[in-house]
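Here are my notes from going through this model. Have the viewer open while you read, and go point by point.

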Amino acid sequence: MSTTQARPTPLNALDVITIPEGGDAAGAITASTVAAGHAERAGYRRYLLTEHHLNAGVAGGPIPTLLPLFAERTERIRVGTAATLLGNYRLVQVAETFGALAALYPDRIDLGLGRSGAVPASTPEFPQHLTAKFQLQRRLFGRTDGDTTDLAALIAELRDFFAGTSVDAEAGPFVAPPATAATPQLWVHGTSAGISARVAGALGLPFGSNYHTSPRTTLDAIAEYRAAFRPSATLAAPYVMVSADVIVGDTDAAAQRAAKGYGNWVASIRAGRGQGAIPYPSTEWADAHPLDDDDFELVADRLATRIVGAPEPAAAALAELATKTGADELLIAVETHDASDRVAALELLAEAWRSVEASPSLSR
């Protein structure tokens, strides 16, 4: 790739479909579809939904059901998942659902694949205070130990569905319309330098690195992916998308105000408080309930790496992240209490990003 001409680094939007204090799931879903339209008009390449379950502040659980709403209410922007958690579904369900979407919305559907949701009772990614919540998810979704360990085999089987080359040991060859001949764009998303990064590289698939949820592991995960990469029929070289939490306002003060409540919300989710979890707080609620020491410790990494500010400094900080990680695309998570603040952040960032991208310092 030329190093004498700037190559724009596309911005994409990531949406967990945040339920605000005083709101409900229906309102949150509607607000997110509106935000998708604004993201499209602002020039974002993709609008991706992320799968979360059993959180009072998140409505983004039934992603396959919701995706058609986003596709119908936009015209050109790619829509998809970051990520579909394979252990929560039968592969044939994933293949048929995304096959139908790809047929209905040609060249617009992304199928991001993930392994989370997970099953070990306690690991560094899922510490002891989350055990009860993850065990509940395990039971409700029928998860089993090691259900996504052989990720390469799962992806191979999924590709067979799409190619129409599936073979059952007893029934022989079979097809599963509308999966057959479908062409959703496949991604693998991961957090650590583990199975997901290695499999994405070995299969020659693009890789999404979850900086916004695990900033300390991002560089290692990307390095693992690149070391494992082997060219494929669809990808000649490693291709990485890096996520980041970003809030932009007209001024630094406006951005800081819109960002209020984020720490409380993430702490509630990370603590696995069940019925004690909270919707995304209003600014007034957050002002009245400052984080205590324990909750601050739970979310210190997220607060330290979240980009909050006026458009130009926020875009410059994002450019620094892109340079440090070598990101080919960026995935922007914007979580606020007020829907208008989210739309403003997406639009202001897109405008500022165009100016930053024109700088020779970002030439690749």
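**Notes on the model**

1. Of the chain's 364 residues, 53% count as buried (buried is under 20% relative accessible area, exposed is over 50%, and partly exposed is in between, with a 1.4 Å probe and protein chains only). Bear in mind that this is a predicted model, where local features need pLDDT of at least 70, side-chain atom pairs count only at pLDDT 80 or more, and totals for chains, interfaces and linings use all residues. Numbering starts from 1 along each chain as its sequence is written, and side-chain values use heavy atoms, with hydrogens and water left out.

2. On overall size, a compact globule with 364 residues would have a radius of gyration near 21 Å, and the chain agrees, at 20 Å. That radius is taken over C-alpha atoms, and the globule rule is 2.2 Å times the number of residues to the power 0.38. The C-alpha trace spans about 65 × 55 × 40 Å along its principal axes.

3. What is the chain built from? It has 13 helices and 11 strands; these are DSSP runs, with helices being H or I of at least four residues and strands E of at least two, numbered from the N terminus. Take the contacts between residues at least 6 apart in sequence: 75% of them join residues at least 24 apart. Contact here means heavy atoms within 4.5 Å.

4. Have a look at helix 3 (residues 91-104) and helix 5 (residues 151-163): their axes come within 10 Å and cross at roughly 45°. The axes are lines fitted to C-alpha atoms, for helices over the stretch in contact, and angles run from 0 to 180 degrees between N-to-C directions. Helix 3 and helix 5 are therefore oblique to each other (under 35 degrees is roughly parallel, over 145 roughly antiparallel, 65 to 115 roughly perpendicular, and the rest oblique). The crossing of the two is right-handed, meaning that the near helix is turned clockwise from the far one by less than a right angle.

5. Which residues make that contact? Helix 3 brings L91, V92, V94, A95, F98 and G99, while helix 5 brings L154, E157, L158, F161 and F162. By class, the contact of helix 3 with helix 5 has nine nonpolar, one polar and one charged residues. Ala, Val, Leu, Ile, Met, Phe, Trp, Tyr, Cys and Pro count as nonpolar, Asp, Glu, Lys and Arg as charged, and the others, Gly among them, as polar.

6. T149 sits in the loop between helix 4 (131-141) and helix 5. With a relative accessible area of 44%, T149 is partly exposed. Setting aside neighbours within four places in sequence, T149 is in contact with R115 and I195. The C-alpha atoms of T149 and G87 are 9.7 Å apart, though 62 residues separate them along the chain.

7. Now some backbone geometry to check by eye. Most residues other than glycine have a negative phi, and most peptide bonds are trans. The A82 to A83 peptide bond is cis, with omega near 20°, and A83 lies in strand 3 (residues 78-85). The bond from P177 to P178 is cis too, with omega near 5°; P178 is in the loop between strand 6 (172-174) and strand 7 (185-190).

8. Two non-glycine residues with positive phi are worth a click. L54 has phi near 65° and belongs to the loop between strand 2 (46-49) and helix 2 (63-72); its relative accessible area is 43%, so L54 is partly exposed. A181 has phi near 70° and is found in the loop between strand 6 and strand 7. A181 counts as exposed, at 61% relative accessibility.
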